[in-house]
Amino acid sequence: MTTKTDAKGTALITGASSGIGAEFARRLAARRHRLLLVARREDRLRALAEELLREYGVSVEVLRADLSKGSDIERLRLRAAELDDLEILVNNAGFGTRGRFVGMDPQKQHDMITLHIIASAVLARSVLPRMIARGRGAIINVSSVAAFFPLRGNATYSATKAYLNAFTEALHTELIGTGVRVQALCPGFTLTEFHATPEYAGLNVRARVPGFMWMTAGQVVGESLRALERGKVICIPGRRYRLLTRIGRLGPVAEIRKLVAARLRR
Ligand SMILES: NC(=O)c1ccc[n+]([C@@H]2O[C@H](COP(=O)([O-])OP(=O)(O)OC[C@H]3O[C@@H](n4cnc5c(N)ncnc54)[C@H](OP(=O)(O)O)[C@@H]3O)[C@@H](O)[C@H]2O)c1
């Protein structure tokens, strides 16, 4: 596809076929980054690529991959390693589940750990040497406020997101002085397709969670990119969520757990 001469380095975004990932693609295309968009729904990626080419004239490559599969992670790793202008990696692909750990499909848990943790770590390991050599670049790991609240019914999800926060914070300390920035983006409830899966069918999360708790993908991604410029490592979009996680860190997770459980039981 066409490339304009003023285009910036490539941004690789996983889970770009909807929600937060698609919003990152739009924002970064508007900033004239070339894009490599990854997800399983290739038709969605192609439609987005056409929109971004039309709108911003940037070059967009589409790669269909199921990042819960080792072979597809490896395929993407090899492609990412070929990019000598990779400037931003957004490890965003993810999904949620409901139900207690013992009752859940073990394969689903395995897929979640592979997608949230293995794929993110493999891609970061693959692109960092070149970013460090160039003295520039950024990695955004899309985590969740769930990282701060290990709640019932969310064991594997919360744990994988807590991994992303710890991983990002530690990586940050290793990268000081290299010119490479890292961020763990921790959104709260965001209006995307996340709760539209069969997993959440019948729960009607949108109606149960009060309106003021919802943010748009645009608000989340806007805060993330502004925080990246300021070098903020843990980015929690929305004042209400910053407050909530601060309270959570002080300890009363048990009370918050009861409140959330009561609301979801109704
Ligand atoms: N929405 C929220 O309330 C919320 C809150 C906190 C954190 N988050 C996090 O935000 C991130 C983005 O989610 P979202 O809210 O934007 O939800 P979304 O609209 O459902 O988007 C999820 C993206 O991940 C991709 N994906 C899922 N499984 C994949 C797989 N096995 N391989 C490759 N790609 C896969 C999906 O694409 P395909 O289906 O086409 O593969 C889609 O592009 C996730 O990491 C999620 O945990 C969301």
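## A buried aspartate

Asp85 counts as buried because its relative accessibility is 16%, where buried means under 20% relative accessible area with a 1.4 Å probe and protein chains only. Asp85 sits in the loop between helix 3 (70–82) and strand 4 (86–91); helices (H or I, at least four residues) and strands (E, at least two) are DSSP runs numbered from the N terminus.

The side chains of Asp85 and Thr10 form a polar contact at 2.9 Å, that is, a pair of N or O atoms within 3.5 Å, one able to donate a hydrogen and the other to accept it.

## Basis of the model

The model is predicted: local features need pLDDT of at least 70, side-chain atom pairs count only at pLDDT 80 or more, and totals for chains, interfaces and linings use all residues. Residues are numbered from 1 along each chain as its sequence is written, and side-chain values use heavy atoms, leaving out hydrogens and water.

## Nonpolar cores

A nonpolar core is a set of buried Ala, Val, Leu, Ile, Met, Phe, Trp, Tyr and Cys residues joined through side-chain atoms within 4.5 Å. The largest has 48 residues, and Leu35 and Ile13 are among those with the most contacts inside it. Apart from it lies another core of 26 residues, including Leu36 and Leu123.

## Lining of the largest cavity

The lining of the largest cavity includes Thr14, Asn91 and Leu123; a cavity is a set of points on a 1 Å grid over the protein atoms alone where a 1.4 Å probe fits but cannot get out, and lining residues have an atom within 4 Å of a point. Helix 4 (residues 106–134) gives the largest share of this lining, four residues.

How values were computed:
Buried means under 20% relative accessible area, exposed over 50%, partly exposed in between (1.4 Å probe, protein chains only). On a 1 Å grid over the protein atoms alone, a cavity is a set of points where a 1.4 Å probe fits but cannot get out, and a pocket is an open set with protein on both sides within 12 Å along at least five of seven lines; lining residues have an atom within 4 Å of a point.
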